[in-house]
Amino acid sequence: MAAPWKGALPLLLLLLLLAAQAVPRARCAEDAAAEEVPAEWVLLHVVQGQVGAGNYSYLRLNHEGRIVLAVRSLRGDADLYVSDSTLHPSFDDYELQSATCGRDLVAVPAHFRRPVGIGVYGHPSHRDSEFEMRVYFDRTVQRHPFGDGAYADGAETSHPHAYDPEGASQEEESVLWTILISLLKLVLEILF
């Protein structure tokens with residue numbers, strides 16, 4: 001006689017699979033809800049658009065200075081690719097990119113040649129993606145290579161540098177590499 005729980009096993013596995021898929025989507029929704037920006041960022045434009053799966057919507061940026069692009073996927077998953085060498089950047093040809101399931105942030109440095117090409121890519125996991133892009137001018141202090149803080153126009157100041165999305169990802173990457181190297185050393189020590 002078969003145990004009564006064996007018939008429920010496929011149903012239980014299906015429920016676990018659905019729950020596992022719901023957790024990343026809930027995290028994406030939480031990321032999209034967190035939209036605080038530093039006071040030093042000045043909102044220049046808000047652009048809304050749609051892009052089909054595997055396609056691009058192209059925009060161009062003419063504003064000078066350090067510009068921050070914040071893309072939020074309203075539906076689907078829109079990813080961001082930026083270039084100062086082509087007006088049609090893609091996942092094969094770009095200088096800056098952000099491809100997350102939540103809010104995508106890219107800080108375009110002041111030294112990039114204008115116009116800057118912006119590509120919004122509709123991830124193939126969704127039939128179409130709807131997005132909202134906010135374009136900010138970043139007025140924060142730019143660190144001088146020799147330690148003196150100065151605004152882009154050359155005015156001296158002593159305010160600290162506020163928010164740097166590029167630096168945050170480099171720091172996380174550095175921590176991951178440190179952990180990976182430590183684990184590799186441990187494995188080699190055990191083997192030899």
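This is a predicted model: local features need pLDDT of at least 70, side-chain atom pairs count only at pLDDT 80 or more; totals for chains, interfaces and linings use all residues.
**Rings, sheets and a surface patch**

Colleague: Start with Tyr 56. What is its relative accessible area?

Modeller: Tyr 56 has a relative accessible area of 22%.

Colleague: Which residues form the aromatic cluster?

Modeller: Tyr 56 and Tyr 81 belong to it, along with Tyr 58, Phe 91, Tyr 94 and Tyr 121. They form one cluster.

Colleague: OK, sheets now. What is the order of the strands in the sheet with S2 and S4?

Modeller: The order is S2-S7-S4-S5. It is an open sheet of 4 strands, with antiparallel pairing.

Colleague: Which strands stand at the edges?

Modeller: S2 and S5, residues 96-98. Each has a single partner strand, so one side of each is left without a neighbour in the sheet. From one strand to the next, the twist averages 15°.

Colleague: How many bridges does S7 make with S2?

Modeller: S2 and S7 share 6 bridges, in the antiparallel sense. In one of them, Arg 60 has Gly 117 of S7 as its partner. S4 is also joined to S7 by 6 bridges, and those two strands run antiparallel. Among the partners, Asp 79 goes with Tyr 121 of S7, and Leu 80 goes with Val 120 of S7.

Colleague: How many residues of S7 are buried?

Modeller: 7 of its 7 residues, 116-122, are buried, so S7 is mostly covered by the under 20% cut-off. Val 116, Ile 118, Val 120 and Gly 122 point one way. Gly 117, Gly 119 and Tyr 121 point the other way.

Colleague: What about the sheet with S1? What is its order?

Modeller: The order is S1-S8-S3-S6. It is an open sheet of 4 strands, paired antiparallel. S1 (41-52) and S6 (104-108) stand at the edges. Each has a single partner strand, so one side of each lacks a neighbour in the sheet. The twist averages 20° from one strand to the next.

Colleague: How many bridges join S3 to S6?

Modeller: There are 5, and the two strands run antiparallel. S3 covers residues 67-75. Leu 69 stands opposite Val 106 in S6.

Colleague: Change of topic. Which residues form the nonpolar patch on the surface?

Modeller: Val 175, Ile 179, Leu 183, Leu 186 and Ile 190. Together they have about 490 Å² of accessible area.

Colleague: Where does Leu 186 sit?

Modeller: Leu 186 is in helix H2, residues 165-191. Its relative accessibility is 45%, so Leu 186 counts as partly exposed. Patch residues need over 30%, and Leu 186 has 45%.

Methods
Residues are numbered from 1 along each chain as its sequence is written. Side-chain values use heavy atoms; hydrogens and water are left out. Patches are made of residues with over 30% relative accessible area and no salt bridge: like charges are joined within 9 Å, nonpolar side chains (Val, Leu, Ile, Met, Phe, Trp, Tyr) within 5 Å. Accessible areas come from the Shrake-Rupley method with a 1.4 Å probe; for residues, only the protein chains shown count as cover. A salt bridge is a side-chain nitrogen of Lys or Arg within 4 Å of a carboxyl oxygen of Asp or Glu. Buried means under 20% relative accessible area, exposed over 50%, partly exposed in between (1.4 Å probe, protein chains only). Rings of Phe, Tyr and Trp (its six-membered ring) pair if their centres lie within 6.5 Å; planes under 30 degrees apart count as stacked, over 60 as edge-to-face and the rest as tilted. Two strands pair if DSSP finds at least two bridges between them. Axes are lines fitted to C-alpha atoms, for helices over the stretch in contact, and angles run from 0 to 180 degrees between N-to-C directions.
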